[in-house]
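Me: I have a structure to get through before class. Can you walk me through it in short pieces?

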Amino acid sequence: MTERALRLGTRRSKLAMAQSGQVAQAVRQLTGRPVELVEITTYGDTSREHLAQIGGTGVFVTALRDALLRGDVDFAVHSLKDLPTTQPDDLTLAAVPLREDPRDVLVARDGLTFDRLPNGARIGTGSPRRMAQLNAYARVHGMSIETVPIRGNVDTRIGYVRSGELDAVVLAAAGLIRIGRIDEATDFLSVDFVLPAPGQGALAIECAAVNADLAAALAELDDPYTRAAVTAERSLLAALEAGCSAPVGALADLLSDGQVVTEMRLRGVVGTTDGSTLVQLSTTGPVPTSHGDAIALGRELASEMLAKGAAGLMGERAL
């Protein structure tokens, strides 16, 4: 008798379907079982409000998690940066696969790079984090830009550039790579001037905690370095008490000496959306060998950032 298909819960967007399709293929090869995609509409997909207004974290995740807990699906694939920083006890983060490129990219008219944008260029992004860093960079380099809040899927966002409404939009490289459209990017934004969202470029594969056999099978897809990096980044975010709508950027990368990975560097930034004030710090330590070590790396950098005034820049918390 053939085993029943594993049901993979996914959002309906083109990007989510592409990501989930890639994971489904990997799980088929791993387990030898058929995998079917189950499309689920989330509040974040149907609401037209800006993400910062509807609470940011969790709006794309809750419906998928509810389906897991009801047993409607066996496992789910999320963009890791959408996950709230606290993991519910009844769900297991079974795998964090190898991360895609974490950088942000520019899609600009006429193939322009960021440094060649005209004065007063209108740049679309829905992210306070991107606004803060783009505006800060522009200030330092004597450029004048206007960041314009936008929402919508990749087609909608790039459409604003194609129609001439905006000069450029900023998107995550990973999303464009996964849907096969990275050739539309006109510039890769260096992490030295725009740090990505914590967990950007990484996927999270989640299942119900009671489903231990499935969790163990999915764990084969886990990349320990990616998991350590995103755990440190998200620990920083949690310690700053910020949701994904807060202007926080973070990136943990591995420093290697030839072929040997020696240390992990964690960089963090928080700023006002107009870019007038940024707190940007980094710390370097041994590569975390446990979940606790990765959490500690993030907390340590967060406390240094808070000591430098990060708390007052979080927007939601500044009373």
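Me: How many helices and strands are there in the protein chain?
Reply: The protein chain has 9 helices and 13 strands. Keep in mind that this is a predicted model.

Me: And how much of it is buried?
Reply: Of the 319 residues, 51% count as buried.

Me: What about contacts between residues at least 6 apart in sequence?
Reply: Of those contacts, 70% join residues that are at least 24 apart.

Me: OK, sheets. What is the strand order in the open sheet of 5 strands?
Reply: The order is β7-β6-β8-β5-β9, and the pairing is mixed.

Me: Which strands stand at the edges, and why does that matter for their sides?
Reply: The edges are β7 (145-148) and β9 (187-189). Each has a single partner strand, so one side of each is left without a neighbour in the sheet.

Me: By how much are neighbouring strands of this sheet turned against each other?
Reply: On average by 30°, with direction ignored.

Me: Pick one pair. Do β6 and β8 run parallel or antiparallel?
Reply: Parallel: β6 (residues 121-124) and β8 (residues 168-172) pair in that sense over 2 bridges. To find one of the partners on screen, look for Ile123, whose bridge partner in β8 is Ala168.

Me: What does helix α4 touch on that sheet?
Reply: Helix α4 (residues 128-140) packs on the sheet and touches β5 (104-108), β6, β7, β8 and β9. The direction of α4 makes about 180° with that of β7.

Me: And where does α5 lie?
Reply: Helix α5 (residues 154-162) lies across β5 and β8, and runs at about 155° to β8.

Me: Moving on to β3. How many of its residues are buried?
Reply: In strand β3 (residues 75-79), 5 of 5 residues are buried, so the strand is mostly covered.

Me: Which way do they point?
Reply: Phe75, Val77 and Ser79 point one way from β3, while Ala76 and His78 point the other way. All of these are buried.

Me: In what sense does β3 pair with β1, and with β10?
Reply: With strand β1 (residues 6-10), β3 pairs in the parallel sense over 2 bridges. With strand β10 (residues 203-208), β3 pairs in the antiparallel sense over 5 bridges.

Me: What is Gln19 in contact with, leaving aside its neighbours within four places in sequence?
Reply: Gln19 is in contact with Ser79, Arg178 and Leu203. Gln19 itself has its place in helix α1 (residues 14-31).

Me: Why does Gln19 count as buried?
Reply: Because its relative accessible area is 4%, and buried means under 20%.

Me: New topic: the other open sheet. What is its order?
Reply: It has 3 strands in the order β11-β12-β13, with antiparallel pairing. The edge strands are β11 and β13 (278-286), each of which pairs on one side only. The twist averages 15° from one strand to the next.

Me: How many bridges join β11 to β12?
Reply: There are 10 bridges between β11 and strand β12 (residues 260-271). As an example of facing residues, Ser256 stands opposite Val261 in β12.

Me: Where is Asp253, and what is it in contact with?
Reply: Asp253 is found in strand β11 (residues 248-257). Leaving aside its neighbours within four places in sequence, Asp253 is in contact with Glu263, Met264, Arg265 and Arg267. The C-alpha atoms of Asp253 and Thr226 are separated by 9.0 Å, and these two are 27 residues apart along the chain.

Me: Last bit. Where does α9 lie?
Reply: Helix α9 lies across β12 and β13, and runs at about 35° to β12.

Me: How do α8 and α9 cross?
Reply: The axes of α8 (residues 224-239) and α9 (residues 291-307) come within 7 Å and cross at roughly 40°. The two helices are therefore oblique to each other. Their crossing is right-handed.

Me: Which residues make the contact?
Reply: From α8, they include Ala228, Thr231 and Leu236. From α9, they include His291, Ile295, Arg299 and Met305. The residues of this contact divide into 11 nonpolar, 4 polar and 1 charged.

Conventions:
Residues numbered from 1 in each chain as written. Predicted model: local features only at pLDDT ≥ 70, side-chain atom pairs only at ≥ 80, totals over all residues. Heavy atoms only, no water. Pairing = 2+ DSSP bridges. Helix = DSSP H or I, 4+ residues; strand = E, 2+ residues; numbered from the N terminus. Axes fitted to C-alpha atoms, helices over the stretch in contact; angles between N-to-C directions. Contact = heavy atoms within 4.5 Å. Buried < 20%, exposed > 50% of the residue type's maximum accessible area, 1.4 Å probe, protein only. Parallel < 35°, antiparallel > 145°, perpendicular 65-115°, else oblique. Left-handed = near helix turned anticlockwise from the far one by under 90°. Nonpolar A, V, L, I, M, F, W, Y, C, P; charged D, E, K, R; others polar.
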